[in-house]
Amino acid sequence: MEQLVKTKDLVLSKKDFESDQMVKWCPGCGDHAILRSVENVFPELGIPKEDFVVVSGIGCSSRFPYYMNTYGMHGIHGRAAPLATGIKLTNPKLSVWMITGDGDSLAIGGNHFIHLARRNPDINVLLFNNKIYGLTKGQFSPTTPKGSKTKSSPQGTFEVPFNPGELVIGARGKFFARVVDTNPKMMTEVFLEAAKYRGASIIEILANCVIFNNKIHSLVTSRETKEDNQLFLRAGQPMIFGKEKNRGLVLKGTGLEIVTIGENGITEKDILVHNPYEVDPGIHIMLCEMKAPDFPVALGVIRSVEAETFEAAVWNSIDYEKDTSPLKKVDDLLRSGNTWRISKSNNNGKK
Amino acid sequence: MASKKDRVVDLETAVIRFAGDSGDGMQLTGNLFSDSTAFAGNDFATFPDYPAEIRAPQGTVSGVSGFQIHFGGIDIHTSGDLADVLIAMNPASLKANMTWITNEAIIIVDTDAFIEKNLTKAGYETNPLKDGSLTGHLVVEAPVTTLTREAVKELHIDNKSAQKSKNMFALGMVFYMFNRNYKKTFKFFEQKFKANPLVVEANKKVLTAGYHFAHTIEAFANTFRIEPAPLDSGLYRNVTGNLATAWGFLAASERSGRNLFLGSYPITPASEILQELSRHKQFSAIAFQAEDEIAGIVSTIGASFAGALPITSTSGPGLSLKSEAIGLAVMMELPIVIVDVQRGGPSTGLPTKSEQSDLMQALFGRNGEAPVIVMAAQSSADCFYSAYEAAKLSLEHMTPVILLTDGSLANGSEVFKIPKVKALPGIKPPIVKANDPDYQPYRRDPEKLSRFWAIPGTEGLRHRIGGLEKQDITGNVSHDPHNHQKMTDLRKEKVKRVANYIPELEVIGKEEEELLIVGWGGTYGVMLTAVQDMRKEGKSIGLAHFKHIMPLPKNTKEAISKYKKILVCELNSGQFVSYLRMTFPDIEYLQYNKIQGLPFMVKELKELFNTYLN
């Protein structure tokens with residue numbers, strides 16, 4: 001199977017990926033920062049610019065392909081995942097980026113989303129989670145917290161929301177990360193990790209909708225509270241957070257607990273060390289589940305487990321069949337099995 | 001004086017129906033008879049009649065599995081109206097098939113199966129072999145089960161295994177009736193049961209025993225002979241419509257140089273297309289079994305963008321689910337072929353029965369004005385050529401094509417003269433070369449009006465497409481009212497101009513005929529047979545049968561307008577006739593419609609046509 005073509009001496013810049021189209025997101029929308037981060041990451045990957053394909057469904061986030069100077073496709077609502085899968089299967093050489101939102105991938109496209117996770121094609125998924133329907137002007141989404149009053153839930157929603165990380169891992173996803181739209185450095189670092197990962201890398205971006213759901217993530221993103229409510233995870237590093245960098249996570253019984261380093265004899269050595277490569281999803285799911293303000297929100301690459309990609313499995317099979325099948329041309333197929341010849345002689349001279 | 005068993009009667013055609021319990025191996029029996037029919041040089045067509053359930057209760061009418069073959073010394077275009085010979089392996093299969101045989105049909109029964117328990121299961125109050133209800137038929141009573149056991153006695157195989165070959169006893173009897181060389185079938189046993197020589201031996205013995213039994217009992221007044229059909233010389237095989245469809249696409253993939261991508265979700269009666277294409281990775285064909293109908297087509301649209309020969313296959317309910325995505329392909333002006341193997345509807349409807357009721361949906365079933373090419377295959381073997389042409393038109397005109405087949409074509413089989421792939425017309429997709437300075441996403445071919453295919457990975461052609469309305473030439477998002485008008489007109493005109501690239505309509509019969517019969521798609525064989533028969537009888541009747549529906553052949557109006565009466569026959573409530581009335585409103589049309597999940601019969605049509613000819 002062909003691998004992604006990486007050209008070491010390829011020199012590209014952000015400019016190579018900026019499109020000439022006017023960006024029409026609302027001023028102050030988190031999507032602007034995400035776009036800039038992606039434009040920063042693409043030139044770093046050593047991939048020729050014509051090998052990128054940016055695919056989306058429908059929603060505010062899904063306008064993204066129009067704003068990138070790559071091959072791009074703006075699909076229909078919920079269906080970015082099968083679009084991306086078809087592209088990747090057809091040409092595994094392409095670097096495929098799928099842009100989607102909480103409505104697009106967790107409501108109307110929920111079915112495709114879970115199947116993408118389990119099949120594990122090498123596709124990078126940026127899931128913009130603003131916990132609201134923006135483009136249709138303010139109805140609740142499958143990630144809107146229970147009880148939220150929105151245009152379509154004047155009494156508050158009655159539904160339990162999805163937790164995207166839990167859903168991805170539950171669907172046997174192998175890579176899940178979470179970032180905030182207010183931290184370009186974090187986005188760049190994690191997008192690069194995702195691009196390097198061979199398989200479906202799904203990144204939840206906590207994105208702010210200034211118009212319909214402003215400050216929905218403010219506990220995690222605002223200057224005053226973020227340090228106490230964010231835990232940025234790195235492989236091999238202890239799970240430490242807080243303004244004083246003195247709080248950490250330990251396993252107690254079957255769950256996680258917050259402890260303070262220096263209290264009750266706790267030292268840094270007692271703190272859990274992050275292992276995104278662990279096949280067992282137990283701790284990864286617990287990390288996904290953590291909610292502010294009781295727990296910090298886990299950010300960074302939470303899970304990154306190696307597995308065969310979908311397209312590799314398919315193309316390995318194609319290579320094998322090409323080598324071993326006696327049918328080399330379609331003519332061979334048409335003539336295989338039971339055939340018979342009619343000649344003038346068994347025709348009694350007719351026709 | 002020659003004994004009566006030496007008398008041979010020549011027939012032009014015959015219809016045989018093998019029927020038994022779904023575990024009795026009737027499909028295999030039918031297929032082996034088809035093979036011997038091929039060796040005999042006859043033309044033939046077959047149709048399987050499966051129960052809707054996978055394993056209905058044994059011995060019941062709903063568990064009956066049938067296989068019909070129509071063969072002859074002339075061109076055969078249908079699997080036959082009513083059977084001349086019925087093989088009934090149990091009471092239920094006799095009961096289920098009495099309405100599908102002629103009044104004079106020969107009936108071969110396994111008398112061992114006509115016991116109280118089985119009669120009750122089949123819903124018989126009295127034994128039909130004894131109560132006179134089969135009067136008029138020649139009933140050949142054979143204790144098939146006993147004689148099968150007897151035939152394999154010396155092989156010492158267990159009773160259950162012995163029973164499995166009783167279908168071969170029946171086949172042996174039919175081989176005798178039609179003067180077939182039963183030994184040719186031995187080769188099949190030797191290949192099929194290679195690993196089990198005992199089974200090979202058992203089947204040979206039982207088949208031989210059946211043949212000799214039929215010869216010995218003198219139950220038949222004579223045997224039958226059918227001369228070879230006047231087929232062109234060449235290499236032939238038997239194909240079902242679904243197989244032919246899959247192969248047509250593989251041929252198109254090879255000729256266009258585009259790897260085939262099928263995105264599909266299993267659905268009766270289209271699943272065999274998915275199954276067949278999943279077997280051919282050696283041609284770099286990818287068959288992606290998607291999580292649902294929508295993902296089936298949408299993954300295919302992704303593959304189309306990425307440069308594959310894009311195919312999706314489905315049946316009516318699936319076509320409904322794919323509607324929005326077809327609109328996306330229309331907007332993005334990408335190739336894709338959507339195969340709809342029509343079945344009885346609406347909703348789940350009659351999944352195993354056939355209908356022509358998706359025509360309007362294919363033509364118009366999308367939001368907005370979303371014209372696509374619509375074609376309909378005319379026979380099981382024609383599915384190969386229709387699939388090939390659908391792929392060619394879609395790739396060369398950069399537009400979706402809906403190819404309608406149906407359950408009868410899909411499961412039915414007929415003799416197929418094997419073509420050479422390189423003798424098929426070439427396929428040249430409008431692929432843009434790297435760094436073409438003139439490339440613009442919605443710049444068009446001046447003749448076809450199709451845009452060009454700029455495939456991701458090609459240097460210098462990066463562009464964005466999508467479901468939002470696009471500005472002419474540049475392909476940027478545009479909400480401009482005049483641009484929308486222009487693009488709507490262009491999409492329509494592009495499909496209309498496909499008429500310049502398809503064959504003209506060929507009408508059988510001259511313009512002075514009194515009655516012109518009009519049909520489309522899968523009814524071709526039956527309608528052709530009925531019209532040809534009547535023309536031979538000197539009737540003033542012609543036939544115009546359509547394969548290209550959107551656009552219609554350029555000469556359509558001229559070709560059909562001069563007849564005194566036009567009768568449009570379809571297996572729906574009048575969809576094509578409505579389309580004709582809309583398209584050519586100054587012509588008058590009569591219509592005949594049937595919507596019972598059943599095909600037309602030749603006899604039915606001839607009787608009908610005669611009523612219009614007096």
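Student: In chain A, what share of the contacts with a separation of 6 or more joins residues 24 or more positions apart?

Tutor: A contact is a matter of space, since two residues count as touching if their C-beta atoms lie within 7 Å. In this predicted model, 67% of the chain A contacts with a separation of 6 or more link residues 24 or more positions apart.

Student: How many helices and strands does chain A have, and what are the spans of its C-alpha trace?

Tutor: Chain A contains 11 helices and 12 strands. Its C-alpha trace extends about 100 × 50 × 45 Å along the principal axes. Of its 351 residues, 47% count as buried.

Student: Which elements of chain B form the side that touches chain A?

Tutor: One begins with the residues on each side: chain B gives 62 residues to the contact and chain A gives 55. Among the elements of chain B that each supply at least two residues are α1 (26–39), β9 (234–240), α9 (241–256) and α12. The largest share, 9 residues, belongs to α11(B). By kind, the residues on the chain B side are 31 nonpolar, 18 polar and 13 charged.

Student: Which strand of chain A is joined to β9(B)?

Tutor: Strand β12 (residues 339–342) of chain A is joined to β9(B) by 4 bridges, and the two run antiparallel. Within β9(B), Gly234(B) stands opposite Ile342(A).

Student: How does one check the length of helix α16 of chain B?

Tutor: One compares an expected span with the distance between the end C-alpha atoms. Helix α16 (residues 481–496) of chain B has 16 residues, so at 1.5 Å a residue it should span 22 Å; its end C-alpha atoms are 23 Å apart, which agrees.

Student: Which residues of α16(B) are buried, and which exposed residues does the face turned away from them carry?

Tutor: The buried residues are Arg491(B), Lys494(B) and Val495(B). Viewed down the axis of α16(B), the buried residues lie within an arc of 95°, so they line one face of the helix. The face turned away from that buried side carries the exposed residues Pro481(B), His482(B), Gln485(B), Asp489(B) and Glu493(B). The cover over the buried residues of α16(B) includes α12 (316–332), β14 (373–376), α14 (382–397) and β21 (548–550) of chain B.

Student: Where do the buried residues of α4(B) lie around its axis?

Tutor: In helix α4 (residues 144–151) of chain B, the buried residues are Val144(B), Thr148(B) and Ala151(B). They take up an arc of only 65° around the axis, which puts them on the same side of α4(B). Their cover includes β6 (101–110), β7 (138–142) and α8 (197–217) of chain B.

Technical notes
Residues are numbered from 1 along each chain as its sequence is written. Chains are lettered from A and ligands numbered from 1 in the order in which they are written. This is a predicted model: local features need pLDDT of at least 70, side-chain atom pairs count only at pLDDT 80 or more; totals for chains, interfaces and linings use all residues. The expected span of a helix is 1.5 Å times one less than its number of residues. A residue is buried if 20 or more other C-beta atoms lie within 10 Å of its own, exposed if 12 or fewer, and partly exposed in between; C-beta atoms are placed from the backbone. The arc is that of the directions from the helix axis to the C-beta atoms. Ala, Val, Leu, Ile, Met, Phe, Trp, Tyr, Cys and Pro count as nonpolar, Asp, Glu, Lys and Arg as charged, and the others, Gly among them, as polar. Two strands pair if DSSP finds at least two bridges between them.
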